[in-house]
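This report describes a protein model chain by chain, then turns to the place where the chains meet and to selected residues. The sequence and structure follow.

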Amino acid sequence: MHRLGGVGLAAFDRHEQSKRSFAELSSELSHSQIENLQAELTQFRSALAHFATTHRDSIKSDPSFRHAFQQMCSSIGVDPLAGPRKGGWWAEMLGLGDWHYELGVQIVDVCVSTRERNGGLIEMTELIRLVSMLRGVQGGIITDDDFTRSIKTLQPLGAGYEVVHIGGRKMVRSVVKELDEDQNTVLAVAQDAGGRVVEEMLVNRKGWTHDRARTALENMLLRDGLCWLDDQDEQHGRAYWVPSVMKWDV
Amino acid sequence: MTTLSTHTTPSGYLLPSIHSAPPFFTQQPNPITQAVVCEQWTKLILSYARFKKLFVLRVEDAETLGGDWDEILRNERINRKLSAPHLSSIISTMVTKNLAAYEPPKQTRSVLLYWRQPEEWAEVLHKWVSTTGQLNTILTFLDITEPPIESPLTNLPTSLLKKAIAILAKTNRAQLFGIADGEGVRFFASK
């Protein structure tokens, strides 16, 4: 039987030839695969571009749409906020990265301008209210979620921007300052009381000693500037007010 | 949550929301916080003075009931008032920032408020004189501060008027001289 591979010298030629053919075939195949992929990618891109252009405005203006979009992105492993540097084709198409940076700048604006009166701690709802006022009516509705994302984009700045949970409420901190547990407790008590705290409240409600209560309050007053003193309090003569949990109608 | 809201006084002045915050009336032990409080008080005092055309603020105004300044130095709705020492410290900061001047000098209980700087008053004065056709005529201080038709200069304290005239005199737009029963002034057109 004549074997395909054969023996003898001619077999080498045949072998070489088939190798070449295989190589040709493989490169042809991979070429067409690449072409296919490129075509698909182009299609994908144009689909995304189409999506981006048709939905850009609703992404920016409709908070629930934006949330759904962000969830979709995270489920397929795309970060729509990846900045222009980090392959931000997405961000470029949507302008969403810019949108969040812009929101970030406004957050910084409000945090810095209110820092002197609240000591660098502001309640999330209050921050949203003030930023919304800054953006005006055309800015559309912005949600908690958007703020949390934007504040995350501010973290590399190292200025301490962070969302902290105090007494079940979200607050935004804009100073590099760790709040100790006692301060957290004081803030939570102040929140319940509309901003006003007196030593007795901490003693009665939290079982603190007078010394501990006074130290915590005086530290917040003198060291951190997180509260203001009221020396005309009708009941106790000396009350502490936490401006960051008071609602300012400015 | 306590909402600090604005409030319109009986005289029609709109108080800022900070005026309904109880600790606003206390001198703050933290210097940074006190700077904020003082700045807010300064703004409030000058804006109220402009609204009511008040020129003089005295430390005693914090203690006397029924004075010109009651509407802002007190807040009956939250039962708070500014203390005299606190007002005195605010006044001293205002003088440092040239937003007020002790009047008479060499005491610290009473100030002349500069809700318009003397330079601005000089321009107001010169404009009033020229638009009322009184350039080159001799005017007494009373002609200016108590004119028959009310003007922006009505009731301007003489000390402030003198400062304004002095400023105009530097650019040869006014000349001060003694007349029979006191002092007179003549204004000239701008060159």
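## Chain A as a whole

Chain A has an accessible surface of about 14200 Å², and 55% of this surface belongs to carbon and sulfur atoms. The model is a predicted one. In secondary structure, chain A comprises nine helices and seven strands.

Chain A contains 250 residues, of which 41% count as buried. Among the contacts in chain A with a separation of 6 or more, 52% are accounted for by residues 24 or more positions apart.

## Chain B as a whole

Chain B comprises six helices and eleven strands. Along the principal axes, its C-alpha atoms fill a box of roughly 60 × 35 × 30 Å. Chain B exposes about 9300 Å², with carbon and sulfur atoms supplying 55% of that area.

Of the 191 residues in chain B, 46% are buried. For contacts in chain B with a separation of 6 or more, residues 24 or more positions apart account for 56%.

## Where the two chains meet

The size of an interface is often expressed as the accessible area that is lost when the parts come together. Chain A and chain B bury about 2100 Å² between them, and 59% of this lies on carbon and sulfur atoms. To this contact chain A gives 21 residues and chain B gives 24 residues. Between the two chains, nine residue pairs are in polar contact, with both residues at pLDDT 80 or more.

Which elements of chain A give two or more residues to the side that touches chain B? They are α4 (96-118), α9 (210-223), β5 (228-233) and β7 (247-248) of chain A. Strand β5(A) provides the largest share of that side, namely six residues. By residue type, the side of chain A that touches chain B divides into nine nonpolar, three polar and nine charged residues.

## Salt bridges across the interface

How many salt bridges are found across the interface of chain A and chain B? There are two. In one of them, B:R80 is paired with A:E234, and the closest N and O atoms are 3.2 Å apart. B:R80 also meets the side chain of A:D230 in a salt bridge, at 2.6 Å from N to O. A:D230 lies in strand β5 of chain A and B:R80 in strand β6 (residues 80-81) of chain B, so this pair joins two chains.

Are A:D230 and B:R80 buried or exposed? A residue counts as buried when its relative accessible area is under 20%. A:D230 has a relative accessibility of 0% and is therefore buried. B:R80, at 4%, is likewise counted as buried.

## Salt bridges within chain A

Over all chains, the whole structure contains 17 salt bridges. One of them links A:D233 with A:R196, whose closest N and O atoms are 2.8 Å apart. This pair connects distant parts of the chain: A:D233 belongs to strand β5 of chain A and A:R196 to strand β4 (residues 196-197) of chain A, 37 residues apart. Both A:D233 and A:R196 are buried.

Another salt bridge joins the side chains of A:R149 and A:D145, at 3.4 Å from N to O. Here both partners lie in helix α6 (residues 144-154) of chain A, four residues apart, which is about one turn of the helix. A:R149 is partly exposed, with a relative accessible area of 26%, and A:D145 is partly exposed at 24%.

## A proline in a loop of chain B

Where in chain B is B:P152 placed? This residue is in the loop between α5 (141-145) and α6 (158-170) of chain B. B:P152 has a relative accessible area of 40%, and it is therefore partly exposed.

When neighbours within four places in sequence are left aside, B:P152 is in contact with B:K53, B:W121, B:V124 and B:W128. B:W121 stands 31 residues from B:P152 along the chain, and the C-alpha atoms of these two residues are separated by 9.4 Å.

Note on methods. Residues are numbered from 1 along each chain as its sequence is written. Chains are lettered from A and ligands numbered from 1 in the order in which they are written. This is a predicted model: local features need pLDDT of at least 70, side-chain atom pairs count only at pLDDT 80 or more; totals for chains, interfaces and linings use all residues. Side-chain values use heavy atoms; hydrogens and water are left out. Buried means under 20% relative accessible area, exposed over 50%, partly exposed in between (1.4 Å probe, protein chains only). Contact means heavy atoms within 4.5 Å. Buried area is the accessible area (1.4 Å probe) that two parts lose on being put together, summed over both. A salt bridge is a side-chain nitrogen of Lys or Arg within 4 Å of a carboxyl oxygen of Asp or Glu. A polar contact is a pair of N or O atoms within 3.5 Å; within protein, one must be able to donate a hydrogen and the other to accept it, and residues adjacent in sequence count only if both atoms are side-chain atoms. Ala, Val, Leu, Ile, Met, Phe, Trp, Tyr, Cys and Pro count as nonpolar, Asp, Glu, Lys and Arg as charged, and the others, Gly among them, as polar. Accessible areas come from the Shrake-Rupley method with a 1.4 Å probe; for residues, only the protein chains shown count as cover.
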